[in-house]
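Here is a report on one predicted model, covering its cores, salt bridges and strand pairing. Please keep the structure open while reading.

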Amino acid sequence: MAVRGGFPILSTQDLERLVSFYESAFDAERTYGYPGPDGNDVFVSLRVGGATVAIAADEVPIAAADRIALWFYVDDADSAYEQALRAGGQSVRGPADMPWGERVASIKDPDGFLISMGAEKRSSQHR
């Protein structure tokens with residue numbers, strides 16, 4: 001399993017307030033937004049210098065309970081999930097195709113921190 005990149009995800013009750021803070025305080029640039037049912041973003045990725053920070057609204061389950069989570073982009077979410085379980089991770093959600101076009105699995109590490117592993121879906125893989 002190869003990790004190709006990663007970033008922290010912060011959970012907030014006021015997404016636009018926190019995004020505005022990072023834009024003003026650190027010249028962050030919004031690089032991605034995922035809209036909720038009302039059309040307003042519920043998940044945003046920011047480029048902060050050479051780093052990436054994501055911010056999720058509390059209703060997004062990816063980080064809400066933990067207030068911070070890790071996201072790793074991997075080559076294969078299924079094998080990364082199995083490897084993490086063998087290493088002592090606890091399953092949160094098995095590999096599944098997401099509506100934004102990635103295959104994602106989530107575990108908790110031995111200290112209880114949420115780690116999600118995402119990979120681009122392959123058309124011939126995982127129906």
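## Salt bridges

Arg30 is partly exposed, with 32% relative accessible area. Partly exposed lies between buried, under 20% relative accessible area, and exposed, over 50% (1.4 Å probe, protein chains only). The model is predicted: local features need pLDDT of at least 70, side-chain atom pairs count only at pLDDT 80 or more, and totals for chains, interfaces and linings use all residues. Residues are numbered from 1 along each chain as its sequence is written, and side-chain values use heavy atoms, with hydrogens and water left out.

Arg30 forms a salt bridge with Asp41. The term stands for a side-chain nitrogen of Lys or Arg within 4 Å of a carboxyl oxygen of Asp or Glu. Asp41 sits in strand S3 and Arg30 in strand S2, 11 residues apart, and the pair links distant parts of the chain. Strands (E, at least two residues) and helices (H or I, at least four) are DSSP runs, numbered from the N terminus. Asp41 is partly exposed, at 23% relative accessible area.

The structure holds 7 salt bridges. Three of them are tabulated here.

| Salt bridge | N to O distance |
|---|---|
| Arg47 and Glu29 | 3.3 Å |
| Asp41 and Arg30 | 3.0 Å |
| Asp97 and Arg103 | 3.0 Å |

The ends of the Asp97 pair fall in separate classes. Asp97 is partly exposed, at 32% relative accessibility, whereas Arg103 is buried, at 12%. Elsewhere, salt bridges that share partners join Glu16, Arg30 and Asp41 into one network.

## Nonpolar cores

Which residues touch the most other members of the largest nonpolar core? They are Ile9, Tyr22, Leu46 and Ile55, in a core of 22 residues. Such a core is a set of buried Ala, Val, Leu, Ile, Met, Phe, Trp, Tyr and Cys residues joined through side-chain atoms within 4.5 Å. At least two of its residues come from each of strand S1 (3-12), helix H1 (15-26), strand S3 (41-48) and strand S4 (51-57). Another core, of 10 residues, lies apart from it; Val74, Ala80, Tyr81 and Ala105 are among its members. In soluble globular proteins, nonpolar side chains tend to be buried together.

Ile55 has contacts (heavy atoms within 4.5 Å). Beyond four places in sequence, its partners include Leu10, Leu15, Tyr22, Phe43 and Leu46. Thr12 is another of the residues that Ile55 touches.

## Buried polar residues

Thr12 lies in strand S1 and is buried, at 4% relative accessible area. A polar atom of its side chain is 3.1 Å from the backbone nitrogen of Asp14.

Ser45 belongs to strand S3. Ser45 is buried too, at 9% relative accessible area. Leaving aside neighbours within four places in sequence, Ser45 is in contact with Glu29, Arg30, Thr31, Tyr32, Val53 and Ala54.

## Strand pairing

Strands pair if DSSP finds at least two bridges between them. S1 and strand S5 (residues 68-74) are antiparallel, over 7 bridges. Pro8 stands opposite Leu70 in S5. S5 and strand S8 (residues 114-120) run parallel, joined by 4 bridges. Trp71 has Ser116 as its bridge partner in S8.

Definitions and conventions: A polar contact is a pair of N or O atoms within 3.5 Å; within protein, one must be able to donate a hydrogen and the other to accept it, and residues adjacent in sequence count only if both atoms are side-chain atoms.
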